[in-house]
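Subject: Handover of a structure and notes on its helix packing

Dear colleague,

Please find below the structure that I am passing on to you. My notes come directly after it.

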Amino acid sequence: MASVEMWYSSPWTKSLPMRVKTKLGLPLKEKKLMEVKLGELPSWILMRDFTPKGIAGAFQRGYYRYYNKYINVKKGSVAGISMVLAAYVLFNYCRSYKELKHERRRKYH
Amino acid sequence: MNENLFASFATPTMMGLPIVILIIMFPSILFPSPNRLINNRLISIQQWLVQLTSKQMMAIHNNKGQTWTLMLMSLILFIGSTNLLGLLPHSFTPTTQLSMNLGMAIPLWAGTVFMGFRHKTKAALAHFLPQGTPIFLIPMLVIIETISLFIQPVALAVRLTANITAGHLLIHLIGGATLALMSISPSTALITFIILILLTILEFAVAMIQAYVFTLLVSLYLHDNT
């Protein structure tokens, strides 16, 4: 693999389109989740950016991904925000599960 | 049942972390900012509502009072959206906490009062004595007017807290009663269920009305003082 990495680092190879580079072999840091092999998964997770800036970037990317797919479209529907509200309800349910546990219909709580 | 009734009003913490800040900031996600001339449907609906409300609410003010438009519009949006989100099951409503409502009411009321004293001192002081009172009643009336002035922020906060908390408590209680009655006599449970539906419709109205009333009163205090 040493020859592939050396070949990869030249300016011409860096300017190839992404679909060519994934076929030819990317370094682990730049692969997306679906392209990582199962054995490489722990080292890929450890290489992610866990600084505050990186986490903020991840939240921002996630927000815009959802926003541009469901809400910022020409004919957005009610499903766009109702998914958000359903997730909010689920989050609050998980948060208060400890108290809600005692309200089930059981003989022994 | 007794302890559970008030457990939903406790400050939410998850593993010791106060996530109440996240819950207070959550409604802001539901109001994206408009970027273009013609936006997507969500933003267009919100823009239309905000324009409708602001025209109705700020029409009574003069130029000086209309500088408060941004403040009052964000106030009514915040209180309205927080109250409506609190009607979802299991959610936490920040406006049930007196601390937060006092934190909203006192600075706004104080802002209007100080503005009035600064710009129109004589007129602001004249509010303490209504016209045409008999001479011997003047000291009494000044005291009463002072008290009624200082009670305004407390009334604003307590009104909002009490209304929303009472509504949530009623929903909990009647819902619990419906569940308990289902095994004893289903017809009574049906009646209680219909009461629950009516109550929920009322709560939707109350959520929005309370936001409106809060903002309206602040704008009234503003009108008096500009």
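The notes below begin with helix packing and then turn to individual residues.

Please keep in mind throughout that this is a predicted model.

Helix α4 of chain B

I begin with α4(B), which has 17 residues. From its first C-alpha to its last, α4(B) reaches 24 Å, close to the 24 Å expected at 1.5 Å a residue. The buried residues of this helix are B:Leu72, B:Met73, B:Leu75, B:Ile76, B:Ile79, B:Gly80, B:Ser81, B:Thr82, B:Asn83 and B:Leu85. Two helices of chain B that pack with α4(B) are described in turn.

The partner treated here to begin with is α3(B), residues 41–58. The axes of α3(B) and α4(B) are 11 Å apart, and the two helices pack at an angle of about 120 degrees. Angles of 65 to 115 degrees would count as roughly perpendicular and those over 145 as roughly antiparallel; α3(B) and α4(B) are therefore oblique to each other. Their crossing is right-handed. On the α3(B) side, the contact is made by B:Val50, B:Thr53, B:Ser54, B:Met57 and B:Met58. These meet B:Thr69, B:Leu72, B:Met73, B:Ile76 and B:Leu77 in α4(B). By class, the residues of this contact are seven nonpolar, three polar and no charged. B:Leu72, B:Met73 and B:Ile76 take part in the contact with α3(B) and are also among the buried residues of α4(B).

The axes of α4(B) and α5(B) come within 13 Å and cross at roughly 165 degrees. Because that angle is over the 145 degrees used as the cut-off, α4(B) is roughly antiparallel to α5(B). The crossing of this pair is left-handed. Here B:Met71, B:Leu75, B:Phe78 and B:Ile79 of α4(B) meet B:Met100, B:Met104 and B:Leu108 of α5(B). The contact of α4(B) with α5(B) consists of seven nonpolar residues, with no polar and no charged ones.

For context, most residues other than glycine have a negative phi. B:His90 counts as partly exposed, at 34% relative accessibility.

Helix α6 of chain A

In chain A, α6(A) covers residues 79–95. Its 17 residues should span 24 Å at 1.5 Å a residue, and its end C-alpha atoms are 24 Å apart, which agrees. The buried residues of α6(A) are A:Gly80, A:Tyr88, A:Val89, A:Asn92 and A:Arg95. Which helices do these buried residues pack against? They pack against α5 and α7 of chain A, together with α2 and α4 of chain B.

The packing of α5(A) and α6(A) is at an angle of about 140 degrees, with axes 9 Å apart. These two helices are therefore oblique to each other. A:Tyr66, A:Tyr70 and A:Ile71 in α5(A) meet A:Ala79, A:Gly80, A:Ile81, A:Met83 and A:Val84 in α6(A). This contact divides into seven nonpolar residues, one polar and no charged.

Individual residues

B:Ile209 lies in α8(B), residues 186–225. At 45% relative accessibility, B:Ile209 counts as partly exposed. The C-alpha atoms of B:Ile209 and B:Gly80 are separated by 8.1 Å, and the two residues are 129 residues apart along the chain. B:Gly80 is one of the buried residues of α4(B).

B:Leu196 is also placed in helix α8 of chain B. Is B:Leu196 buried or exposed? With a relative accessible area of 16%, B:Leu196 is buried. Residues up to four places away in sequence aside, B:Leu196 touches B:Ile171, B:Ile174 and B:Gly175. B:Leu196 and B:Ser28 are 168 residues apart in sequence, and their C-alpha atoms are 30 Å apart in space.

Finally, A:Lys37 is found in the loop between α3 and α4 of chain A. A:Lys37 counts as exposed, at 55% relative accessibility.

With kind regards

Notes. Residues are numbered from 1 along each chain as its sequence is written. Chains are lettered from A and ligands numbered from 1 in the order in which they are written. This is a predicted model: local features need pLDDT of at least 70, side-chain atom pairs count only at pLDDT 80 or more; totals for chains, interfaces and linings use all residues. Side-chain values use heavy atoms; hydrogens and water are left out. Buried means under 20% relative accessible area, exposed over 50%, partly exposed in between (1.4 Å probe, protein chains only). Axes are lines fitted to C-alpha atoms, for helices over the stretch in contact, and angles run from 0 to 180 degrees between N-to-C directions. Helices (H or I, at least four residues) and strands (E, at least two) are DSSP runs, numbered from the N terminus. Angles under 35 degrees count as roughly parallel, over 145 as roughly antiparallel, 65 to 115 as roughly perpendicular and the rest as oblique. A crossing is left-handed if the near helix is turned anticlockwise from the far one by less than a right angle, and right-handed if clockwise. Contact means heavy atoms within 4.5 Å. Ala, Val, Leu, Ile, Met, Phe, Trp, Tyr, Cys and Pro count as nonpolar, Asp, Glu, Lys and Arg as charged, and the others, Gly among them, as polar. The expected span of a helix is 1.5 Å times one less than its number of residues.
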